[in-house]
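Have the chain open in a viewer while you read.

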Amino acid sequence: MEQLRLQYKLLQAEQSAANKRIDALKQKLAEKARCKEAPRVHPINPPCLETDACLRQTAIAYLKARKQGNASALSRHFAPDCNYQYANNREVPNEMVMNNIRELWEKWPQRSYRLLKVAYRDNHVELIYIYKYADQRNHSIQGYAKEKWETNSAGQIIHWREELHPGTSPAESAGYRLVPLNIK
C-alpha cells in the first residue's frame, strides 16, 4: 500500500512538471505567433549618408520657406493633419498650422535663420537653429530654437513641437544621429 502511495506521488510530481513545461511551450508558441503577425517595420530614416543628405536638404528648404514666407513650400513639409504644439497639442488640419505660422510672419515680417544642427532617430527629427525676428518698428527678438518632428513614411511632419532657448543652444537628444552640415 505504501509503495502505491509513493508511486502515486511520483506520478503527480511528474504530471505537475509536465504541465509546467506545456504551459511554458504554449507561452513560447503564442509569443512566436505574435511576432509573425506583427509586420517587420523598416525604419523610416535608416541611419546612413543618404538619409543625412536628405534630412539636411529638407531642413534647409524648410527654413528657407519660413524665412521667405513661402506658405506653399512650407505647407508641403506638413502632413494633411498634424499634432501641433500651438493648437493645444491637438491634431489639426495642415491649413490651421499654416494659419498659425502666417500670424507669426505678420507679426515678424523680417526673419532670418541659421541652421546649427539636424539630428534624427528613425522618424523623429530635430532641427536646432538660431532665429532673429524684427517687426515693422524694428523691435527684434533672437534666440535658439529646437524643433522636434515626428514624420510619416513620406517624410511629412505629423507631430510638431518647439522649444525656444533665449541664451544658449540646446543639444540634440541622446541617441540621435547628428547630421554633418558642412557637406554640400
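The sulfur of cysteine 48 lies 9.5 Å from the closest cysteine sulfur, the one in cysteine 54, so that gap is too far for a bond. For a disulfide, two cysteine sulfur atoms must sit within 2.5 Å. Search the whole structure and you get 0 disulfides.

How well are these cysteines covered? Cysteine 48 is partly exposed at 23% relative accessible area, while cysteine 82 is buried at 0%. Here buried means under 20% relative accessible area, exposed means over 50%, and partly exposed is in between (1.4 Å probe, protein chains only).

A quick word on what you're looking at: this is a predicted model, where local features need pLDDT of at least 70, side-chain atom pairs count only at pLDDT 80 or more, and totals for chains, interfaces and linings use all residues. Residues are numbered from 1 along each chain as its sequence is written, and side-chain values use heavy atoms, with hydrogens and water left out. The pLDDT (the predictor's confidence in each residue, from 0 to 100) averages 90 over the chain, and 92% of the residues score at least 70. A contact means heavy atoms within 4.5 Å.

Now for the charges. The structure has 6 salt bridges, each a side-chain nitrogen of Lys or Arg within 4 Å of a carboxyl oxygen of Asp or Glu. Here are some of them:

| Aspartate 52 | Arginine 177 | 2.9 Å |

Helices (H or I, at least four residues) and strands (E, at least two) are DSSP runs, numbered from the N terminus. Aspartate 52 in helix H2 and arginine 177 in strand E7 are 125 residues apart, so this pair links distant parts of the chain. Aspartate 52 is buried at 2%, but arginine 177 is partly exposed at 30%. Glutamate 147 in strand E5 and arginine 66 in helix H2 are 81 residues apart, and both are buried. Lysine 148 in strand E5 and glutamate 163 in strand E6 are 15 residues apart in sequence, so their bridge ties those parts together. Both ends are partly exposed, lysine 148 at 29% and glutamate 163 at 28%.

Which residues have the most contacts inside the largest nonpolar core? They are Tyr62, Leu74, Phe78, Ile101, Leu127 and Trp160, in a core of 32 residues. Such a core is a set of buried Ala, Val, Leu, Ile, Met, Phe, Trp, Tyr and Cys residues joined through side-chain atoms within 4.5 Å. Leucine 74 touches Tyr62, Ala65, Arg66, Met98, Ile101 and Trp105, leaving aside residues up to four places away in sequence.

Finally, the sheet. It is open and mixed, with 7 strands in the order E2-E1-E6-E5-E4-E3-E7. E2 and E7 stand at the edges with a single partner strand each, so one side of each has no neighbour in the sheet. Strands count as paired if DSSP finds at least two bridges between them. E4 and E5 run antiparallel, joined by 11 bridges; isoleucine 130 has tyrosine 144 in E5 as its bridge partner.
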